[in-house]
Amino acid sequence: MISPQERRDALYIALGVTALIAAFAVNVSYGESGVGSTGFTRAIIGGADELTREIALGFRAPRALIGALAGAALAVSGALMQSVLRNPIASPGILGVSSGAFLALAAGTILAPELIEAAALPLTMLGGMLAAALVYLLAGARRATPLRTVLAGLIVGLTLDGLTDTLLLLNENQARSLIIWSGGSLTQTGWTGVRFAFPWVIGCLALTLVLARQFDLAVLDGETARALGQRTEWLIGGAIVIVLLLTGVTVATVGPVGFIGLVAPQLVKLAGIRRHRILIPASALTGATLLLLADAVSRSLNPITQSPPLGAVTAMMGAPCLIWLAVKVGRARGSFHAAGSLSVSAARLVDWRATPVVLAIALIAVMLLACTLGLGAVGPARALLVFTGADDDLARRIVIDLRLPRVLVAAWAGAAFAVAGALLQATLQNPLADSSLIGVSGGATVAVLVLMGTAPGAAVSLFSLAALAGGLAAAFIVYSLGSRAYFAPSTLLLLGVGVAALCGSVTQILVHMNIFTDTPLVWLVGGIYARSWHSAWLLIATVTGLIPVAWLIGRWVEILAFDSASATAIGLNVPRTRLAAGLVAVALAALAVSQTGPIGYLGLLAPHAARMLSGPSFRSLVISSALLGAIGLVLADMFGRVIVYPSELPAGAVMAVVGAPYLIYLLRRSGRA
Amino acid sequence: MSLSRRALCAYAGAWICASGSSSAVEVRDAAGLRTISGKPRRIVALDARHTDNVLALGLQPVGVAGLNSYRKFMADAEPPLGHSAADVGSQSTPNLEVILQLHPDLILGSIRNMQRSRPMLEAIAPTLGFDPYPDDHADLYDVMVETFRSVATALSREAEARAFLDRLEDQFSAAKAALAASGFAGRRVALATVYSGPTAAQVAIFNDNSLPARVLKRLGFEYAYADERFRHVGLHASTVEALSDIRDTTFLYMPLNAQGVRGMMEAPLWRKLDFVRERRLYEVPYRVMFSGPLTAQAFARDLVRLLR
């Protein structure tokens, strides 16, 4: 007697196999040459000329097969991550594998091309695995909790991305093909990729099926599982290793492709399938089908316009799913909720009442240093003399017209990013929050790229205006969708990630479309290049007005640290406070992004560093964050200006590389506390 | 606003002191009509196109962005880039301090790289920004010539420009005759740049409205690749599979790196392509083909040397 569940399982698997075959058939009919589905069929059956057969069997077939393997691998990784971390939005991307793989590929292509030619796939996979190992160590190895793993993954990802961006910026010729790779693509020349991936993927899938019963237990909380005889740590470790292998192979063969790991297991669970013995194969089938369809969609646009990159298409498919999840799931249990787990309650470094004064003096000193430091004809001595009124026209023009506005923009934008980060971390109750998580950077970048594509000769002020409008628009979408949930932190976060992913997808498409005519990288990695006094005055006027507002509402924002029931009991209007804090944060971040472009580390890093130097009140945190953020960005811009003279590195890339050791230190310190 | 006022003053001024040569000229760049006064001789070229333009007019730029790359790919340019040119940094973020220190009186660049820096550059010296991809149906060779002429007007070297273009046409005619003598008249060709991508060899096929395609046509060939989708940039970046639709054609390829060529030739499809089977393919030295008149000249020289 077959139970209803077993019938449903069998039905899903049967449907899955049919869908996969159909997706396969659709996928192979698209390509760079005129061979369509009839050509492919004839190539298999017989009766096609040699060229058509070669295209069908040498290009289309391996491409479709790698798509199926990669889709299956990503989906199963996602399912495992979600089970083991007990979180519906866990995905393999947080482990930093893509960042490590991309860095290995970029470094190899630029510095050791013969090595890449010989062994591109193993090297890329190795890069991904090393990044994941770094994440593991950073998260505290044995003592890693889900939150620390996510944090560590974020740091490693940001840092490696910063290093990669630096490499790409210094090698403009090679950058193009590498940027194209980073969009993801199933394109294969021959069977090497399939031969490489097949044993890993099939092996890991088999291993996962063998451990299926164990994973069923892992979904229960740790104590119950252990009581039932499971060795939880070993299982989690094993699951992570499987996920790493699957993700590593996938990234090496098709590049970074996201959202399949999120969407496919969710679809399977929607059908009611829970047990891993069915969940795993069902996810594999669903993932494979989705990826093949996404690739077909991307290629079907070929007659009209250039194919969008695969990663962009999967993000377009997956981001709405994420947004839907945000609205449906509401409070996500588990990993992303611990407030302030990086806060160090142990001894402060400095008597915090003196901190603002010390920081302010440091800021002035650093600003002076940045104005005077430089290579070329006007060195530090000549530059310093400008401030004493020396009659040196060249030095005066360099210091007053070129360097001083940069330093001022860096200082005020740094302060803006930092305070925005502090506000968002408080209202979203998440130590990882910064303005990029609510879509400000993403929206700004999309707006700038759209303008660049439609009106390349537009004035500078128009670009800044577009960035401001884009940033505000994206945040507006997030907050208006989140208003229905009273701006609950977890909902806002998920919405923000979804909107950011959609923006990222559009960004990728626009970058690909303009890759030969424009240099989009300059806009994607934030920096202070060529900022004039207009930008400086704009930021000084607006940010100096907004930071006191943040300070004023600080007293209420502090109370948001409690859960909403307690906060309301004290008398706080929780939704209104969240909205107010959000508005100030968004305004600050959007203004800063409009002048510098996205600078990702600052809003995340400065508040945590400030916490160590400031008192318990949120108000003192605002002041310290602002000052530290300003110091950080001024220093980063200064380094970027001199380190590869006469070229320059954008401040965003420098921040990512230089900020990492600091955040690592914070992480290890809080781990010991 | 102030531009048209300036132009009006320039017109008025030129009309009032109407004797012979006025020292202000009008040039149209991508942002509109500009007035350049005097004869600028300290020129900063912010990309390879404009370095080509300045050298072809018989002048030497005082500052070049992407200097090392230019020296590498245009080492055999006639006239070559001298040693006095200073490196002003990368093409996307040229160093404003270095440019200021050179005391230039004209800055030339592509408007698509000036989106952030134009006001700051204008504050240093009059800046002309040209659009290398003005619209979807442009003949990119004509765009190159028009930009060259505009730069010549700005530098008051129009005679030299005419002389250069005449020499170029003579060179093309001579080359066409030489190639016809070797039996290449009317032959169908297609040109592509080959480089190794991470997972597959990339083949970037030039479209028939691109600069090298037009040069090939002037040399008596028929260009065999025309794709409406890629007329804007004149290039279709694809894989070896796209080559299978090219029939009855001689294939010319420029290797960006050796790995790319090896990757392309290892694809099983490669051996089955028409032009491979009939051995109608030639390797041409790599040049950055999104460039100016000197590059067109050098490209024609390379072809004659190769195919004769």
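Which strands of chain B does helix H2 (residues 48-56) lie across, and at about what angle does the helix run to E6(B)? The points below take up this matter and several others.

1. The model is predicted: local features need pLDDT of at least 70, side-chain atom pairs count only at pLDDT 80 or more, totals for chains, interfaces and linings use all residues, and side-chain values use heavy atoms, with hydrogens and water left out. Residues are numbered from 1 along each chain as its sequence is written, while chains are lettered from A and ligands numbered from 1 in the order in which they are written.

2. Helix H2 of chain B lies across E3, strand E4 (63-64), E6 and E7, and runs at about 135° to E6(B). Helices (H or I, at least four residues) and strands (E, at least two) are DSSP runs, numbered from the N terminus. Axes are lines fitted to C-alpha atoms, for helices over the stretch in contact (heavy atoms within 4.5 Å), and angles run from 0 to 180 degrees between N-to-C directions. Helix H6 (residues 140-154) of chain B lies across E6 and E7, at about 170° to E7(B).

3. The five strands in chain B form an open sheet in the order E5-E4-E3-E6-E7, with parallel pairing; two strands pair if DSSP finds at least two bridges between them. Strands E5 (86-87) and E7 (127-130) of chain B stand at the edges with a single partner strand each, so one side of each is left without a neighbour in the sheet. Within this sheet, E3 (residues 43-45) and E6 (residues 106-110) of chain B pair in the parallel sense over three bridges. Ile43(B) has Leu106(B) as its bridge partner in E6(B).

4. Thr445(A) belongs to helix H18 (residues 440-454) of chain A. This residue is buried, with a relative accessible area of 10%; buried means under 20%, exposed over 50%, and partly exposed in between (1.4 Å probe, protein chains only). A polar atom of the Thr445(A) side chain lies 2.7 Å from the backbone oxygen of Ser441(A). Leaving aside neighbours within four places in sequence, Thr445(A) is in contact with Thr507(A), Leu524(A) and Pro598(A).

5. Over all chains, the structure holds eleven aromatic pairs. Rings of Phe, Tyr and Trp (its six-membered ring) pair if their centres lie within 6.5 Å; planes under 30 degrees apart count as stacked, over 60 as edge-to-face and the rest as tilted. Trp533(A) and Trp537(A) form a tilted pair, 5.5 Å centre to centre with 35° between the planes. The two residues are four apart in helix H22 (residues 533-559) of chain A, and therefore separated by about one helical turn. Trp533(A) is partly exposed at 25% relative accessibility, whereas Trp537(A) is exposed at 53%.

6. Trp270(B) and Phe275(B) form an edge-to-face pair, 6.1 Å centre to centre with 70° between the planes. Trp270(B) is buried at 4% relative accessibility, and Phe275(B) is buried at 1%.

7. Two cis peptide bonds deserve mention. One runs from Tyr645(A) to Pro646(A), with omega near 0°; Pro646(A) is in the loop between helices H26 (618-643) and H27 (651-672) of chain A. Another joins Glu78(B) and Pro79(B), with omega about 0°.

8. Asp248(B), a residue other than glycine, has a positive phi near 50°. Asp248(B) is exposed, with a relative accessible area of 57%.

Terms used
A polar contact is a pair of N or O atoms within 3.5 Å; within protein, one must be able to donate a hydrogen and the other to accept it, and residues adjacent in sequence count only if both atoms are side-chain atoms.
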